[in-house]
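Hi,

Here is the structure I said I would pass on.

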Amino acid sequence: MSASRSLTAAKEGEKAFESGEKVSAEFFAITYGALVQQMLADLPQPDNVETVNQQLDAMGRRIGARLVEEFGARSGSPPCRTFAQAAESAALIGLRMFLNIKATVEPVRAADTFSITFQENPLALFVELPEGVVRERLWYSNVVCGVLSGALAMVGFVADVVFVRDTLRGDPTNELLLTFKGREKETFQIER
Amino acid sequence: MAHHTLVSESVVSGLSFELVSYAIRRQSNEMEENSSLAARNEIELNALKDLEGIGLLIGLRLSERLLYREATFGVSTPLDVARFVGQQLWKSAFGKKIDRMKHMDNVYFSLIDNNFRWLQGFSRLKTGYVVSTLVVCPPGYSEGSVASDEASPSRRERIENSPSHKDILVYTVGILRGVTQVLYPHGSIRIHATLNPENETQFILDFRPQTSS
């Protein structure tokens with residue numbers, strides 16, 4: 001993955017973001033915060049925080065599946081033939097275009113796993129997690145993982161996306177790991 | 001919008017749809033095919049209360065952020081409030097200003113959005129039908145027996161937990177109530193929303209003093 005290609009992708013992300021309709025990140029963060037708060041309040045057992053992580057991921061998958069059409073139409077990104085290209089487009093163009101997240105992406109193992117790192121997280125405006133089980137187990141912005149995996153699935157890539165570092169937990173940066181799991185199988189075949 | 005961070009409007013639409021779906025689902029999980037009309041009515045009312053309640057909370061928090069930067073918003077007449085909603089709030093939440101604003105005697109305002117962003121992708125209403133947040137109607141009545149009101153979601157929508165036009169409007173009215181509660185603390189404002197077949201959504205801010213009966 002050449003440095004110049006990454007620079008080009010970052011520029012494409014910036015251009016795609018600037019050309020779209022935009023709203024207040026504060027409104028976005030407040031809406032998201034209210035939903036996470038409601039999900040935590042709805043837990044039958046307060047320490048079952050993993051359930052909220054799963055709900056946020058599932059919600060993100062649905063959102064990502066809906067955003068991929070706009071990504072294809074507006075991003076200017078060429079079709080991705082390899083997972084490395086898809087990972088780079090999702091991280092550098094997609095996250096910027098939709099969430100205004102300026103990320104960097106590095107391979108962790110050749111062509112298999114990528115680390116996506118970003119400092120500023122628009123979802124985490126005004127957020128402080130309470131000490132205890134929520135801070136230890138909640139990946140507050142887990143919807144981002146779902147958005148990425150949901151969008152990638154729509155273009156045929158099966159990926160696991162997980163948070164491994166989060167500034168809300170006291171980590172110095174935010175980091176996602178994106179792991180390629182295979183190609184999406186066709187749901188039906190036309191036999192001739 | 002200088003000085004403020006922005007995100008894509010598409011993401012916020014997607015998130016808002018998911019929030020409305022979540023609020024409906026947590027009530028509708030109790031809905032069964034064979035629920036009685038009374039049971040469905042109660043579940044429906046609870047879902048709408050939840051939606052408006054979450055919207056209210058979001059509106060309260062959002063108005064605090066908006067006013068933090070609008071230090072000059074000191075005097076709040078009904079016209080000031082309506083303009084603030086149509087300009088600042090719409091820009092923050094929907095990426096544009098309200099399309100039109102009508103008023104009667106500066107106490108009754110209609111804010112008209114020609115193509116409300118959160119209802120794009122929903123089906124168009126049939127001629128003669130109106131959706132209004134003022135009509136509270138159980139889902140069983142929506143199938144043919146209330147000819148002029150398409151307000152209630154169909155039973156299929158509820159069983160599948162899909163948001164209806166009305167759910168989106170109720171949630172948005174909740175946001176407006178939260179915002180205006182901070183902007184206009186001295187009086188109560190009655191707020192409702194309607195959607196017509198021309199795809200116009202009207203948000204009514206009614207500042208008229210209520211006559212006690």
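This is a predicted model: local features need pLDDT of at least 70, side-chain atom pairs count only at pLDDT 80 or more; totals for chains, interfaces and linings use all residues.

Chain A to begin with. Chain A has 6 helices and 5 strands, and along the sequence they come in the order α-β-α-α-α-β-β-α-α-β-β. Of the 192 residues in chain A, 52% are buried.

Helix H2 of chain A (residues 25-42) has 18 residues, and from first C-alpha to last it reaches 26 Å, close to the 26 Å expected at 1.5 Å a residue. Since 14 of its 18 residues are buried, H2(A) is largely enclosed by the rest of the structure. At the N-terminal end of H2(A) you'll find a cap from A:Ser24, with a side-chain oxygen 3.0 Å from the backbone nitrogen of A:Glu26.

Then there is helix H3 of chain A, residues 50-74. With 25 residues at 1.5 Å each it should span 36 Å, and its end C-alpha atoms are 35 Å apart, which agrees. H3(A) does bend, though, by about 30 degrees at A:Leu67. A:Leu67 is also one of the buried residues of H3(A), which include A:Val52, A:Leu56, A:Met59, A:Ile63 and A:Phe71 as well as A:Gly60 and A:Gly64. After H3(A) comes A:Gly76, with a positive phi near 75 degrees.

Now the rings. Searching the whole structure gives 14 aromatic pairs over all chains. Take A:Trp139 and A:Phe163: the ring centres are 5.9 Å apart and the planes are at 10 degrees, so this pair is stacked. It links distant parts of the chain, 24 residues apart, with A:Trp139 in the loop between helices H5 (133-137) and H6 (143-154) of chain A and A:Phe163 in strand S4 (residues 157-165) of chain A. Both partners are buried: A:Trp139 has a relative accessible area of 18%, and A:Phe163 has 4%.

For an edge-to-face case, go to B:Tyr184 and B:Phe207, which are 5.0 Å centre to centre with 90 degrees between the planes. This pair also links distant parts of its chain: B:Tyr184 is in the loop between helix H5 (165-183) and strand S5 (190-195) of chain B, while B:Phe207 is in the segment after strand S6 (201-206) of chain B, 23 residues apart. B:Tyr184 is buried at 14% relative accessible area, and B:Phe207 counts as buried at 7%.

Which residues do ring pairs link into a cluster? They are A:Phe27, B:Trp90, B:Phe94, B:Phe116, B:Trp118, B:Tyr171 and B:Phe203. Of these, B:Phe203 lies in strand S6 of chain B and is buried, with a relative accessible area of 0%. B:Phe203 is also 9.5 Å from B:Met101, C-alpha to C-alpha, although the two are 102 residues apart in sequence.

B:Trp90 and B:Phe94 bring us to helix H3 of chain B, where both are among the buried residues, along with B:Val85 and B:Leu89. H3(B) covers residues 78-94 and has a kink of about 30 degrees centred on B:Val85. It is followed by B:Gly95, whose phi is positive, near 75 degrees.

Last one: B:Thr133, in the loop between strand S4 (131-132) and helix H4 (155-159) of chain B. At 16% relative accessibility B:Thr133 counts as buried, the cut-off being under 20%. A polar atom of the B:Thr133 side chain lies 3.0 Å from the backbone nitrogen of B:Ala193.

Cheers

Key
Residues are numbered from 1 along each chain as its sequence is written. Chains are lettered from A and ligands numbered from 1 in the order in which they are written. Side-chain values use heavy atoms; hydrogens and water are left out. Helices (H or I, at least four residues) and strands (E, at least two) are DSSP runs, numbered from the N terminus. The expected span of a helix is 1.5 Å times one less than its number of residues. The bend at a residue is the angle between axes fitted to the seven residues ending there and the seven starting there. Buried means under 20% relative accessible area, exposed over 50%, partly exposed in between (1.4 Å probe, protein chains only). Rings of Phe, Tyr and Trp (its six-membered ring) pair if their centres lie within 6.5 Å; planes under 30 degrees apart count as stacked, over 60 as edge-to-face and the rest as tilted. A polar contact is a pair of N or O atoms within 3.5 Å; within protein, one must be able to donate a hydrogen and the other to accept it, and residues adjacent in sequence count only if both atoms are side-chain atoms.
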